[in-house]
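Keep the sequence and the 3D view open as you go.

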Amino acid sequence: MNVLEIKNVTKRFGNLVAVRDVSLEVGKGELCAIIGPNGAGKTTFFNLISGFFPPTAGSIAFDGRDITRLATHERVTLGMARTFQITEIFPELTVFQNVRIAAEVAGGYRLRPWINRSEAAQIHSQVEDTLQLVSLAAKADRLVGELSHGDQRAAEIAMALALKPHLLLLDEPTAGMGDQETYQITQLIRRLHRDSNYTIVLIEHDMRVVFHLADRICVLDRGQMLAQGTPQEIAANEIVQAAYLGNAA
Amino acid sequence: MNSAQTRKLITLTAIWAVLLFAPFWMLPLGGYTALATRVLVLGLAAMSLNFLLGFTGVLSFGHAAYFGLGAYGAGLTLKFLAPSTPLALVLGMLLGGVCGALLGALIVRRRGVYFAMVTIAFGQVFYYIAFQWSSLTGGDDGLRGFSRQPIDFGLFQIDILSNANNFYYFVLFCFALMVGVMGYILRSPFGRTMIAIRENERRSRFLGIPVERHIWIAFTLSCFFMGFAGALYALVNNFADPRGLHYSQSGDFVMMAVMGGMRSFWGPLLGAAVFVVLQDYLSSVTVNWMSFVGLLFVLVVLFFPRGLLGFIQRSKA
C-alpha cells in the first residue's frame with residue numbers, strides 16, 4: 001500500500017490555478033523530490049498535502065485513509081510531519097525543550113497536567129536518541145535561536161522525527177545554506193532515508209542535492225505535473241530540459 | 001544540584017518567607033495587614049491573567065469580567081444561599097470559570113488585537129448586566145449586606161472577620177493553593193504546549209497540537225483562577241463593585257502583569273504589590289494618583305521591557 005496517494009488535485013485562488021490536476025503516489029520507504037521553477041506551485045502542493053487548506057478538487061489519501069478534509073493537526077496525529085522553507089522552531093527554548101514538546105505530543109500527553117517519572121524518563125531518552133540521530137546531542141542545552149542556520153534546520157527535522165512520522169515532508173531543506181551546511185543536511189536526509197527507512201517527500205532547488213538523494217523526481221511547471229521518473233529518466237527527458245533544467249543538467 | 005536550581009530554591013524560599021511574615025514586617029514600615037491582603041488577592045488576579053498572557057501569549061483585555069463575576073458569585077452566595085465562606089469561594093470561582101469557558105469557546109479563533117477587542121466587548125456585557133440588574137446586584141451601589149463568615153472546622157472556628165491577621169493567613173493559604181496549581185500545570189506536558197503556542201503557533205499546529213482547543217483550555221483555567229481571586233476580593237471588602245468588571249479594571253491587571261514582568265511566574269505579584277502600595281500611598285496625597293502609576297508604568301515599559309522582576313533577575317545573573 002502506498003503511503004501517500006494524491007489523485008487529480010486542483011487548487012484555485014480566485015482566477016489563479018496554482019495546482020492543476022496533479023496526481024502523485026509515494027510508496028513506503030521512497031524518497032520523492034519535487035522540483036520546478038519559482039511559482040510552479042510546489043509549496044502550494046505541499047500545503048495541500050499537509051492540510052493548510054483543502055483542495056478545490058481531487059483527493060488525498062494517507063496510509064490508505066482519505067484525509068482530503070482533515071485539519072493539519074489531525075494529519076500530524078496520523079503520522080505526517082513537516083518542515084518549512086523558513087525554519088519554524090521555538091527560538092527561546094533549548095534544543096532539548098523543542099524536541100521534548102514534540103515527543104510529548106506524539107506520546108499522547110499533550111492534554112495531561114502531570115507526567116510521572118517513568119513516562120518522563122522514557123520521553124527523555126527518546127529525545128536524546130532523536131538528537132543523536134541529527135547530531136545535535138552536544139548542543140541539547142543551547143537555545144535554538146542561538147544556533148547556526150544549519151543546526152536550526154536539524155533541530156526542526158529532529159522535532160519532526162520525534163513525532164515518529166510515516167511520512168516526512170521537507171520544504172527546501174537546504175534553502176539559504178552555504179556549501180558546508182548543505183552537505184551536512186543532505187547527508188542527514190540520506191541517512192534518514194537509507195538507514196532509518198523514512199518515507200520522504202521534499203521540495204528542493206539545488207539539483208546536486210536532488211540528484212544525490214532522490215529515488216524519483218517530479219517536475220512541476222505552472223501548476224501541472226510535467227514529468228515523473230527516476231533521476232536518469234528526468235535528466236534525459238527533453239521536455240523537462242527545455243522547460244526547466246536547460247543546460248544546467 | 002546545580003547553581004540555577006539553588007538560586008531558584010533561594011528565590012522561592014525568600015518569596016514565601018516575605019509573604020509568611022508580612023503582617024510582622026509591614027507594620028514597622030508604615031503598612032497594615034489589610035494592605036498585604038489586598039496585594040495577595042490582586043496579585044493572584046494578575047497571575048491568573050498572566051497564566052494566559054505570559055504563558056500562552058494571548059492578551060485578554062476583559063479579564064476583570066471574570067474577576068467581577070467571582071466577586072458577585074461569592075457575595076450572592078453569602079447573601080442569599082448560605083453563610084459559608086468556602087462555599088462562597090467555590091461558587092464564585094465556578095461562576096467566573098463557567099462564563100469564561102462559554103465565552104472563550106466563541107473567541108479562541110480570533111488573534112491579537114481582534115482577540116483583545118472581543119474580550120473587552122464581552123467583559124463590558126457583564127459590566128452592564130451588573131450595573132443594570134439592580135434588584136439582584138445592587139446596581140451602581142454594588143452588592144452589600146454580606147460579610148465573610150468564620151471558617152468552621154466542627155471542633156473549633158477561626159474568626160476571619162474581625163481578626164485581620166487570621167484573615168491574611170486564610171487568604172495566603174488560598175493564594176498558595178491556587179499558585180501551586182498554576183505552577184504545577186505550567187510544568188506539565190499541557191503547560192509546555194501552552195508555551196509552544198506562545199513561541200510559535202504554526203510549529204505547534206504542525207506538531208499535532210489543536211491550537212484553538214489548547215488556547216480555550218488555557219483561557220478557561222485562567223478564568224477559573226480569576227473567578228477565585230474575585231471571590232476572595234469580595235471577602236476582603238464584604239462588598240462587590242460593578243466597577244470590578246469594567247475594562248479599566250482589566251487594564252489595571254494587564255498593567256500589573258506587564259509592570260512586574262509577564263515572562264516570569266512571580267512578576268505579576270510584584271507588579272500588583274507596586275500598584276497597590278503606590279495606590280494606597282498616593283491616593284492619600286493626591287486624587288491624581290493614577291497619573292503617577294501611569295508614569296511609572298511607562299518608565300518600566302521603556303527601560304525594563306521584561307518588567308521589574310525580569311530586570312532584577314537579569315542584573316543578578
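Predicted model: local features only at pLDDT ≥ 70, side-chain atom pairs only at ≥ 80, totals over all residues.

**Exercise 1.** Find the residue that stands opposite Phe62(A), then describe the strands around this pair.

Solution. Residues are numbered from 1 along each chain as its sequence is written, while chains are lettered from A and ligands numbered from 1 in the order in which they are written.

Next, β4(A) and strand β5 (residues 65-66) of chain A run antiparallel, joined by two bridges. (Strands are DSSP E runs of at least two residues and helices H or I runs of at least four, numbered from the N terminus; strands pair if DSSP finds at least two bridges between them.) The two strands make a hairpin with two residues between them, and Asp63(A) in the turn has a positive phi of about 55°.

**Exercise 2.** Which strand pairs with β1 (residues 4-13) of chain A, and in what sense?

Solution. Its partner is β4 (residues 57-62) of chain A, antiparallel over five bridges. Within β4(A), look for Ile60(A), which stands opposite Ile6(A).

**Exercise 3.** How many residues does each chain bring to the contact between chain A and chain B?

Solution. Chain A gives 23 residues and chain B gives 18, counting residues whose C-beta atoms, placed from the backbone, lie within 7 Å. On the chain A side, α2 (72-78) and α3 (95-106) each supply at least two residues.

Key:
Contact = placed C-beta atoms within 7 Å.
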